[in-house]
Every structure is written in C-alpha cells, then in structure tokens.
Amino acid sequence: MSAPQVAVVARVFSVLSEPIRLVLLQALRDGPLTVSELVEASGMKQANVSKHLGMLHQHRLVERRRKGICVRYEILDPMAFALCKLVCRKAGDSDQ
C-alpha cells in the first residue's frame with residue numbers, strides 16, 4: 001500500500017474502533033433511522049449519538065437525508081459489516 005492508502009485505512013479503523021459507533025452502525029443495518037430512533041435503539045444521550053453520527057458521516061460511512069424537519073441516517077458504505085465479520089472470525093466468534 002502507498003502512504004496515502006495506509007493513512008486512509010488507519011483513519012477508517014480509527015473511526016470503527018469506537019464501540020458506540022459500531023452500535024449505531026448495527027442499529028442502521030436494517031434501514032434508515034432518525035437521531036431520536038437511534039437514541040432509543042442505543043440507549044445513549046442525543047448529544048452523544050449526534051456527535052458519533054457526525055464522525056461516521058464525515059468519514060462517509062453513513063449519509064444523512066432530510067425529510068421535512070427530520071434527518072434520517074443510513075449506511076452509505078456496508079464495508080464496515082464485512083470488516084466486523086472478518087474480525088469476529090479472527091476472534092473465533094462468527095456471530096455479528
């Protein structure tokens with residue numbers, strides 16, 4: 001890998017290294033959700049959910065779509081699930 005590619009891979013792994021972000025991605029796996037729905041699904045406070053969604057959006061793992069006054073988040077790049085599956089296999093737990 002080139003130096004720029006290594007930097008990109010390191011940034012993606014850094015974003016995915018936060019368990020809260022993985023919880024949010026898992027919640028979005030079945031389809032788009034609003035921040036309120038993600039707060040309910042994750043049990044986290046709204047400010048915390050919004051902060052982590054911002055990071056996931058910044059790194060193009062999720063996208064936001066405004067519909068009226070609601071903003072719905074959805075998975076933009078399902079690659080995160082493939083990475084999680086690989087890590088689970090390596091750890092000996094093939095369940096996601």
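Leaving aside its neighbours within four places in sequence, E74 is in contact with L28, P32, L61, V62, E63 and R65. The structure you are looking at is a predicted model.

**E74 and its surroundings**
- You can find E74 in strand 3, which covers residues 70–75.
- R65 is one of the residues that E74 touches, and here the two side chains make a polar contact at 3.1 Å.

- R60 is not a glycine, yet its phi is positive, at about 60 degrees.
- Is R60 buried or exposed? Its relative accessible area is 61%, and the cut-off for exposed is over 50%, so R60 counts as exposed.

**The largest pocket**
- Rolling a probe the size of a water molecule over the atoms is a handy way to see where empty space is left.
- The largest pocket holds about 230 Å³ of space.
- Helix 1 (3–16), helix 2 (19–28) and helix 5 (79–91) are the elements that each give two or more residues to the lining of this pocket.
- Which element gives the most to the lining? That is helix 5, with 6 residues.
- In total, 13 residues line the largest pocket, and those nearest its centre are L22, A80, L83, C84 and C88.
- Sorted by kind, the lining of the largest pocket has 10 nonpolar residues, 2 polar ones and 1 charged one.

How values were computed. Residues are numbered from 1 along each chain as its sequence is written. This is a predicted model: local features need pLDDT of at least 70, side-chain atom pairs count only at pLDDT 80 or more; totals for chains, interfaces and linings use all residues. Side-chain values use heavy atoms; hydrogens and water are left out. Helices (H or I, at least four residues) and strands (E, at least two) are DSSP runs, numbered from the N terminus. A polar contact is a pair of N or O atoms within 3.5 Å; within protein, one must be able to donate a hydrogen and the other to accept it, and residues adjacent in sequence count only if both atoms are side-chain atoms. Contact means heavy atoms within 4.5 Å. Buried means under 20% relative accessible area, exposed over 50%, partly exposed in between (1.4 Å probe, protein chains only). On a 1 Å grid over the protein atoms alone, a cavity is a set of points where a 1.4 Å probe fits but cannot get out, and a pocket is an open set with protein on both sides within 12 Å along at least five of seven lines; lining residues have an atom within 4 Å of a point. Grid points are joined across faces, edges and corners, and a volume is the space filled by probe spheres set on the points. Ala, Val, Leu, Ile, Met, Phe, Trp, Tyr, Cys and Pro count as nonpolar, Asp, Glu, Lys and Arg as charged, and the others, Gly among them, as polar.
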